[in-house]
Amino acid sequence: MIIHLYGGHVMTMVKQRIHQLTVPTPFAVGDVHIYLLEGDALTLIDAGVETEEAWSVFCEQLKEIGYTPEEIEHVVLTHHHPDHMGLIDRFSRAHTLAAHPRVEPWLSRDEGFFQRYERFFEALYEQSGVPDRYKRFLKGLRKPLAYSSPGEMTHYLREGDTLPGHEKWRVIETPGHAQSHISFYHNESGELLAGDHLLEHISPNPLLEPPLKSGDKRPRPLLDYRHSLKKLKDYNLTTIYPGHGNTFTYSDTLIHSRLKKQEERAEKVRQLLLAGSMTAFEVCEQLFPKHIDSQFGLTMSETIGQLDYLQSLDLVSSSLINEQEYYYVN
Ligand SMILES: [Zn+2]
């Protein structure tokens, strides 16, 4: 609460304050930010990673700004990745857990969903020509769960919804990096709590995910990501509070350069395919010779994303030969 005095009149105005807390993660991405929002409710935006180290760093920083974990009332998630939803079950008095509906199966630990998730990647890798020696990665799909926590979602957040307890903050759906990804826009100040949608130092990977219902077509995460990036130009954005890295000032130039970089990588893929038709795995090997072994899932997602993009422009087509999908230049 801030009180301004103007010529004897007392004007009271509630200022929504944002505090940034930063905790370590065991992942390559490094530290992750958690935001504490003051308003009609005390709200956390994202919840770091489930490690004792992250919890103690979080508690220390919370204390420095004058709060205790028992005072947190709402927890809101930008997306379902483990570095953003780890500590959710540590807040004994929190009564609201809100996120996009697609976060639900990760919170409820829906076994049927996980099995479908694994079968989806098995089939996709088979069709993408992935040799057996890389299939060990399929076994690791559930590993990140160790760093997140189960929880019971109380509110679904969708495009245009208001953040509970913070009526000036609106939900913008920003799928791409994750199908569950949402960002929060303050409709007066232009601030954006961006999760991993827009980072200053790196471009997030649009990750492959199974379709919502089995039998449906799989999402095209890179196309979704491009759409969600362009969508930001419709808002009067000012300060971007990201999930990782520096807080920064928004500019359309950043969006353009991210889109351009991706288009350049797609052109590289098209050039590779001029030599002859290839499976997604063969493209991935040539595109990421140094990283394919250590970051198999990420590099395959990126490669298939570029192929989806080229197909959407009708520059590349594919056909199934012996149940494997071969891509070729039109
Ligand atoms: Zn992240």
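The site of the zinc ion is irregular, with angles of 85 to 163 degrees among its four donor atoms. Donors here are N, O and S atoms within 2.8 Å of the metal (3.2 Å for Na, K and Ca), and water is not among the atoms, so sites may look incomplete. Four donors count as tetrahedral if all angles lie between 85 and 135 degrees; four count as square planar and six as octahedral if opposite donors are over 155 degrees apart and all others between 65 and 115; anything else is irregular. For reference, ideal angles are 109.5 degrees for four tetrahedral donors.

This is a predicted model, in which local features need pLDDT of at least 70 and side-chain atom pairs count only at pLDDT 80 or more, while totals for chains, interfaces and linings use all residues. Residues are numbered from 1 along each chain as its sequence is written, and side-chain values use heavy atoms, with hydrogens and water left out.

## The zinc site

The ion is coordinated by D83 (OD), H84 (NE2), D196 (OD) and H244 (NE2), at 2.0 to 2.4 Å. Along the chain, these donors follow the spacing D-H-x111-D-x47-H. Distant parts of the chain are linked by the pair H84 and H244, 160 residues apart. H84 sits in the loop between β6 (74–76) and β7 (96–99), and H244 in the loop between β13 (239–242) and β14 (248–249). Helices (H or I, at least four residues) and strands (E, at least two) are DSSP runs, numbered from the N terminus.

H84 counts as buried because its relative accessibility is 0%, and H244 counts as buried at 2%. Buried means under 20% relative accessible area, exposed over 50%, and partly exposed in between (1.4 Å probe, protein chains only).

H80 also lies in the loop between β6 and β7.

| Residue | Relative accessibility |
|---|---|
| H84 | 0% |
| L193 | 1% |
| H80 | 7% |
| K135 | 18% |

The side chain of H80 makes a polar contact with the side chain of S180, at 2.9 Å. A polar contact is a pair of N or O atoms within 3.5 Å; within protein, one must be able to donate a hydrogen and the other to accept it, and residues adjacent in sequence count only if both atoms are side-chain atoms. Not counting residues up to four places away in sequence, H80 touches M85, V103, W106, A178, S180 and E209. Contact means heavy atoms within 4.5 Å.

## A strand residue

L193 belongs to strand β12 (residues 192–195). The C-alpha atoms of L193 and T78 are separated by 8.5 Å, although these residues are 115 residues apart along the chain. Leaving aside neighbours within four places in sequence, the contacts of L193 include I18, Y35, L37, I45 and W169.

Helix α3 (residues 111–127) has 17 residues, which at 1.5 Å a residue should span 24 Å; its end C-alpha atoms are 24 Å apart, so the two values agree. The expected span is 1.5 Å times one less than the number of residues. The buried residues of α3 are F113, F114, R116, Y117, F120, F121, L124 and Y125. They cover an arc of only 165 degrees around the axis, which puts them on the same side of α3. The arc is that of the directions from the helix axis to the C-beta atoms. An α-helix has 3.6 residues a turn, so residues three or four places apart point the same way. What covers the buried residues of α3 includes α2 (104–108), α4 (136–139) and α8 (296–312).

At the start of α3, a side-chain oxygen of D110 comes within 3.0 Å of the backbone nitrogen of G112. Just after α3, G129 takes a positive phi of about 75 degrees. K135 is placed in the loop between α3 and α4. The side chain of K135 makes a polar contact with the side chain of E126, at 3.1 Å, and a polar atom of the K135 side chain lies 3.5 Å from the backbone oxygen of V130.

## Helices α5 and α6

In helix α5 (residues 221–231), the buried residues are P221, L222, Y225, R226, S228, L229 and K231. They pack against β10 (166–173), α6 (252–273) and α8.

The buried residues of α6 are L254, I255, R258, L259, Q262, A266, V269, L272 and L273. Their arc around the axis is only 130 degrees, which puts them on the same side of α6. On the other side of α6, T253, K260 and K261 are exposed. Among the elements that cover the buried residues of α6 are α5, β14 and α7 (280–287).
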